[in-house]
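I opened this model to look up a few local features. My entries are below, in the order I made them.

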Amino acid sequence: QVQLVESGGGLAQAGGSLRLSCAASGSIFRVNSMGWYRQAPGKQRELVATVPSSGRLNYADSVKGRFTISRDNAKNTVYLQMNSLKPEDTAVYYCNALALLGRFSPENTYWGQGTQVTVSS
């Protein structure tokens, strides 16, 4: 199995910054894409940003220019630097990983437990 442990959420003022981290552990053969999703009260979970093991980063339009996703492949860890935060960024942020448990295993999707980010105006 794969465990995703998130950290770094909390309270920030509008215009402030927060940094989220998520480390994947377990019997992992390879982690392909890692990323962040968020879910605000009463809304569906939405993509924030993803980063493949190599290749192009992907951002939601709402966070482009403000958020930066990065990844440490050696540590199977993904980060989300959030700058210029807005109240509408308030949500539970979930780490996501697409990983293989073995060389010939199918790719499965794993989720973290979520971390609350609250931005006050």
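**Conventions.** I note that this is a predicted model, in which local features need pLDDT of at least 70, side-chain atom pairs count only at pLDDT 80 or more, and totals for chains, interfaces and linings use all residues. Residues are numbered from 1 along each chain as its sequence is written, and side-chain values use heavy atoms, with hydrogens and water left out.

**Disulfide.** I took a disulfide as a pair of cysteine sulfur atoms within 2.5 Å. The count comes to one by that rule. Cysteine 22 is joined to cysteine 95, with an S to S distance of 2.0 Å. The angle about the S-S bond is -85°, and the link is left-handed. Cysteine 22 lies in strand 3 (residues 18–26) and cysteine 95 in strand 9 (residues 91–100), so the link ties together parts 73 residues apart in sequence. Strands here are DSSP runs of E, at least two residues, numbered from the N terminus. I then checked burial, where buried means under 20% relative accessible area and exposed over 50%, with partly exposed in between (1.4 Å probe, protein chains only). Cysteine 22 is buried at 0%, and cysteine 95 is buried at 0%.

**Arginine 71.** This residue lies in strand 7 (residues 67–72). I looked for a salt bridge (a side-chain nitrogen of Lys or Arg within 4 Å of a carboxyl oxygen of Asp or Glu). Arginine 71 is buried and has none; aspartate 72, the nearest side chain of opposite charge, is 8.0 Å away. For charge, Lys and Arg count as positive and Asp and Glu as negative, while His and the chain ends are not counted. A polar atom of the arginine 71 side chain lies 2.4 Å from the backbone oxygen of asparagine 32. I also found a polar contact (here, N or O atoms of the two side chains within 3.5 Å, one able to donate a hydrogen and the other to accept it). It joins the side chains of arginine 71 and asparagine 73 at 2.6 Å.

**Strand 11.** Strand 11 (residues 115–120) has Thr115, Val117 and Val119 on its covered face and Gln116, Thr118 and Ser120 on the uncovered one. Two strands pair if DSSP finds at least two bridges between them. Strand 2 (residues 10–13) runs parallel to strand 11, with four bridges; glutamine 13 has serine 120 as its bridge partner. Strand 9 pairs with strand 11 in the antiparallel sense over three bridges, and alanine 91 stands opposite valine 117.

**Lysine 43.** I found lysine 43 in the loop between strand 4 (30–39) and strand 5 (46–51). Lysine 43 is exposed at 58%.
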